Amino acid sequence: ATPSVGSPDTAVMKSTVFAVATLALIGAASAMAPFTYDCDQQTYFRTGKMTMEPSQGGAWSAGETASLVLHGSLKNRDVEAGTLQYKLYEYEVQYFVQQDNTPYFTCDNKGCDKTKPIALTLSNVNSKYSRYAAALSFTLPPKQASGVYTLTLWGVDQGQSPYDFSCNIHYNYTASA
């Protein structure tokens, strides 16, 4: 017999379909983002969603360029200048294996132009509560030991202290983090 609408059999079937669809979405998201991250909430920057993926749809392997974007919002802060910085560590290697920094905006001896972003794009350059996207691209280094990495990312604005935010991003070449 066919179950009638609202019967227990229909509810169980709908729940099963929902559970399978949810698991499929979780699996798809895991395949697209083989990394984990945690961020410290600092005084003036709220952190939110982060994406990190190899460019051109490539593999997570040495020599590939990874693109990372951290989304968030300002908390009553007029950001006039700053720098996005990172250090990359490999588990079982004594020292960091890579580091770099990029200015938030295009700057000269007269100051920085928030309408010309480099590492930090503000959705509203005149708002102290603007949404932002902090972007970084870097080359994945050759494996020296474990192939298990932690990228420490932080931002510093014109105030120098405290950091705007700091995040640890964990990934590896052999499996999802």
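Author: First, what counts as a pair: rings of Phe, Tyr and Trp (its six-membered ring) pair if their centres lie within 6.5 Å. Bear in mind that this is a predicted model.

Reader: OK, how many aromatic pairs does that rule give?
Author: The count comes to twelve aromatic pairs. Take F45 and Y132: their ring centres lie 5.1 Å apart, with 55° between the planes, and the pair is tilted.

Reader: Where in the chain do F45 and Y132 sit?
Author: In distant parts of the chain, 87 residues apart. F45 belongs to strand β2 (residues 45-54), while Y132 belongs to strand β9 (residues 131-139).

Reader: And F45, buried or exposed?
Author: F45 is buried, because its relative accessibility is 0% and the cut-off for buried is under 20%. Y132 is at 3% relative accessibility, so it counts as buried too.

Reader: Which rings link into a cluster?
Author: Ring pairs link W60, Y149, Y171 and Y173 into one.

Reader: What sits over the ring of Y44?
Author: That's the charged end of R77, 4.0 Å from the ring centre.

Reader: Switching to sheets. You mentioned β2 and β9, so what's the strand order there?
Author: It goes β2-β3-β9-β8, an open sheet of four strands with antiparallel pairing. β2 and β8 (120-122) are at the edges with a single partner strand each, so one side of each has no neighbour in the sheet. From one strand to the next, the twist averages 20°.

Reader: What holds paired strands together, anyway?
Author: Strands of a sheet pair through backbone hydrogen bonds, either parallel or antiparallel.

Reader: Over how many bridges do β2 and β3 pair?
Author: Eight bridges, in the antiparallel sense, with β3 covering residues 65-74. Our friend F45 shows up here again, standing opposite L74 in β3.

Reader: What about the sheet with five strands, what's its order?
Author: That open sheet runs β1-β11-β10-β4-β5, and its pairing is antiparallel. Its edges are β1 (35-40) and β5 (98-103); each has a single partner strand, so one side of each is left without a neighbour in the sheet. Here the twist averages 15° from one strand to the next.

Reader: How many bridges join β1 and β11?
Author: Six, with the two strands antiparallel and β11 spanning residues 165-172.

Reader: Which residue in β11 is the bridge partner of D38?
Author: N168 is the bridge partner of D38.

How values were computed: Residues are numbered from 1 along each chain as its sequence is written. This is a predicted model: local features need pLDDT of at least 70, side-chain atom pairs count only at pLDDT 80 or more; totals for chains, interfaces and linings use all residues. Side-chain values use heavy atoms; hydrogens and water are left out. Rings of Phe, Tyr and Trp (its six-membered ring) pair if their centres lie within 6.5 Å; planes under 30 degrees apart count as stacked, over 60 as edge-to-face and the rest as tilted. Buried means under 20% relative accessible area, exposed over 50%, partly exposed in between (1.4 Å probe, protein chains only). A charge sits over a ring if NZ of Lys or CZ of Arg is within 6 Å of the ring centre and within 35 degrees of the ring normal. Two strands pair if DSSP finds at least two bridges between them. Axes are lines fitted to C-alpha atoms, for helices over the stretch in contact, and angles run from 0 to 180 degrees between N-to-C directions.
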